[in-house]
Amino acid sequence: MKPNQATYALVGNPNVGKTSLFNLLTCSRYDVGNWAGVTVEKKEGLIRGKRMRRHFRHHGYGHGHRCQHGNRYCDRCHRTIENHRIIDLPGIYSLAPVSEDEQVAVNFIFNESVDKIINIVDASSLDRNLYLTFQLLEMNRPLVMALNMTDVAKSYGFSLDTDKMSEQLGIPVVPMVTRVGQGLDKLYDALVEPAVTPEFQIKYNSVIEEGISGLSKFFNGNLAPTEYRWVALQIIEGNQELKERYIKQESMADAYQLLLSMSEKCKAPLADVIRDERYHYLEQFLADVKIIEEADRVNWTERIDRIVTNRWLGIPIFFVAIFLTFQITFTWVGTPLQDLLEGWFRGPLSAWVINGMVALDLQPWLIALVVDGILAGVGGVLVFIPQIFILFLIISFLEDSGYMARAAFLMDRGLAKLGLNGKAFIPLVVGFGCNVPGIMSARTLENSRERLVTILLNPFMSCTARIMVYALFTSIFFKSHQGLVIFSLYLLGIVVAILLGLVFKKFLLRGETGFFVMEMPPYRIPIIKNIALSTWDKGKEFLKKAGTIILAMSVVLWFLSNFSYSGMVEMSESFLAALGSMLAPFLAPLGFGTWEAGVSLISGFVAKEVVVSTMSIVYGAGDITTQLSATIQEVFNPVSAYAFMVFILLYAPCMPTLVVMRKEIGSWKWPLFSIVYSVGIAWVLAFIIYQVGSRLLL
Amino acid sequence: MPKKLSEAVNGEHVLIQNMAINGQCTNNSMRLMDMGLLPGTPLEVFRISHYGGLIIVKLRGFKLSFRIKEAENILVTTI
């Protein structure tokens with residue numbers, strides 16, 4: 001009888017597309033909890049999806065058929081599709097855990113029973129991934145292999161004979177490309193097939209094999225004979241817990257003796273012997289199923305790498321790459337596009353909206369809300385789309401081509417001083433576009449403490465939003481040295497991040513030695529489709545932030561700035577102005593103690609881009625650049641302008657950033673703490689700059 | 001003549017003898033072993049950067065980079 005309910009566990013190395021597969025299967029709807037007693041996230045969901053519904057339609061489901069247990073199933077093939085649960089386990093490299101995350105996964109695999117384990121594997125680095133697969137197969141439990149990233153393997157010049165793999169391993173092998181959702185149907189089919197126990201076995205040398213039979217005699221009644229082999233292997237590899245659980249008390253001493261004599265006969269640690277033999281088997285297996293199509297690619301990679309990771313050329317090449325990235329993003333392509341977009345937004349689009357609303361005879365306050373509140377607020381953010389997407393496009397290009405791994409390699413030494421490793425480099429670079437996807441990229445870091453520090457440092461990477469403010473002020477006060485001043489601000493952000501990183505290292509990372517292992521994939525010409533998807537992945541977070549949080553907050557801000565207890569008023573008498581005035585005294589020592597500045601900073605908390613649009617409203621300027629600059633020159637001087645920019649750079653991360661921080665870290669404690677220290681640092685630095693600067697220069 | 005992997009030079013081909021010469025098997029060495037660095041595995045030292053503290057090795061058809069600190073724990077012989 002087919003089960004109405006089924007549970008599957010998703011197991012695999014980190015960074016092989018496990019999350020992507022989990023999201024595909026659950027349609028990104030799942031519950032997040034915690035594994036008991038540890039701070040590791042537990043994700044569980046029901047397998048859903050349009051493809052499943054298509055299965056139903058094809059098989060003639062249609063009419064809401066429910067069985068007596070309340071489960072839905074297909075009339076034709078009687079497969080129950082709903083009520084199939086899937087649990088996402090943390091990434092592991094083998095069944096010998098080295099971290100808390102891994103321990104959780106291994107405990108689950110050993111102690112819980114599921115209907116099938118889905119082992120997701122990266123086709124382009126099978127050598128590494130298969131080690132875990134073999135260990136899982138040795139447990140002789142139902143397994144399905146999702147062979148992901150077959151497109152990457154192809155671009156590296158080889159492919160895999162999945163039929164042969166399936167035959168030799170005794171399990172279904174489903175080739176997939178989770179990034180584009182390819183292979184999902186076959187995976188569903190493999191899942192609903194009746195479970196088959198693979199009879200996979202690696203024959204070890206005689207000493208080990210005799211040891212397995214020997215230990216099997218010592219097992220107590222708690223263990224089923226079908227489980228003897230893998231448990232014996234685990235015990236030989238040194239698993240104390242299983243030993244204590246399954247060996248009879250009276251045979252403990254004998255078991256110990258047996259292991260000792262095995263060790264002597266092998267003249268090497270038993271775990272190493274077993275690992276060695278597994279790898280032997282793995283190599284032979286791979287030689288059998290791997291089909292090399294293009295051997296040339298490897299040679300090119302070598303040649304390029306000799307230059308790129310060269311002692312003397314490596315770092316300069318890296319800086320050139322960074323420089324080009326920013327040049328393309330800002331000067332050459334991004335800004336011109338942005339100007340175009342801005343022109344269209346303020347011109348034709350605004351006019352169209354206004355005319356439309358007037359034609360509909362809407363209330364003037366509603367029109368004001370939409371135009372001054374929503375359009376101005378959201379529009380101010382959306383005009384950044386060209387720059388952000390171009391930056392992400394370049395980063396995705398570098399990632400896909402394989403260069404990023406080399407960049408991480410070059411950056412590792414510097415980052416190691418902060419207790420991080422080279423992999424933390426990518427989230428920080430993405431942060432220069434927008435902190436939101438930057439923080440989300442930190443997921444690739446395996447160590448949760450390193451992840452935390454990388455997330456906390458991210459806001460100090462000057463995002464494109466802040467550039468808007470810098471651009472405005474520098475065009476007024478530092479026209480002849482615009483580039484230099486902006487660069488100094490970027491640099492300041494990085495310096496503060498480094499100092500803060502050292503502090504964090506001392507208190508948060510507490511002597512934990514970072515571990516850096518990174519695979520250097522062969523170089524390849526990036527596939528347009530992949531880069532496009534990757535860019536979209538990063539950019540859509542920015543759009544979501546604009547579409548939701550900024551939109552909502554723009555409305556709130558508009559309300560606060562146009563209303564007071566007595567109803568609709570001028571901005572200078574609104575709630576917002578009152579709030580701004582409360583802040584003013586604190587800002588006075590910094591050179592900008594006005595309610596207008598206070599108001600701008602409060603609005604900047606929503607999204608730093610909003611500072612400029614708010615300033616244009618509070619200073620009553622219609623056309624941003626000309627009138628606003630005139631007013632600003634009356635209120636600020638070069639020193640206080642610089643202090644103001646520094647304050648904007650450093651003070652509190654914007655709301656969307658805080659929300660993402662909370663989501664990635666798992667609690668509000670850290671985001672709130674980051675507000676505290678960043679405002680503190682911002683205040684102190686702005687204070688010093690203004691007080692010292694005005695005495696020296698004015 | 002066996003030596004530490006950290007003492008190897010660019011382009012050298014070596015054979016791993018021991019993964020834990022400093023006594024115990026740390027978490028890090030276990031991770032490396034799981035990734036395929038085992039006694040008896042042939043490696044090519046693609047690049048060793050003492051300044052950066054990192055080493056890139058070629059093994060089993062792919063390249064891996066890790067810290068020289070880990071390499072100090074690995075005993076190899078030149079092939």
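Chain A of this predicted model contains 31 helices and 12 strands, where helices (H or I, at least four residues) and strands (E, at least two) are DSSP runs numbered from the N terminus. Of the 698 residues in chain A, 43% are buried, a residue being buried if 20 or more other C-beta atoms, placed from the backbone, lie within 10 Å of its own.

Two packed helices are described by the angle between their axes and the distance between the axes. In chain A, helices α22 and α29 pack at an angle of about 175°, with their axes 10 Å apart; axes are lines fitted to C-alpha atoms over the stretch in contact, and angles run from 0 to 180 degrees between N-to-C directions. The two helices α22(A) and α29(A) are therefore roughly antiparallel, the word for angles over 145 degrees. The residues that meet are listed here, contact requiring C-beta atoms, placed from the backbone, within 7 Å.

| Helix | Residues in the contact |
|---|---|
| α22(A) | Arg466(A), Val469(A), Tyr470(A), Phe473(A), Phe477(A) |
| α29(A) | Pro638(A), Ala641(A), Phe644(A), Met645(A), Ile648(A), Leu649(A) |

These residues divide into 10 nonpolar, no polar and one charged.

In chain B, helix α1 (residues 27-34) has Arg31(B), Leu32(B), Met33(B) and Asp34(B) buried, and what covers the buried residues of α1(B) includes α4, α12 and β10 of chain A together with β5 and α2 of chain B. Just after α1(B), Gly36(B) takes a positive phi of about 115°.

Residues are numbered from 1 along each chain as its sequence is written, while chains are lettered from A and ligands numbered from 1 in the order in which they are written. Because the model is predicted, local features need pLDDT of at least 70 and side-chain atom pairs count only at pLDDT 80 or more, whereas totals for chains, interfaces and linings use all residues.

Note on methods:
Parallel < 35°, antiparallel > 145°, perpendicular 65-115°, else oblique. Contact = placed C-beta atoms within 7 Å. Nonpolar A, V, L, I, M, F, W, Y, C, P; charged D, E, K, R; others polar. Buried ≥ 20, exposed ≤ 12 C-beta atoms within 10 Å, placed from the backbone.
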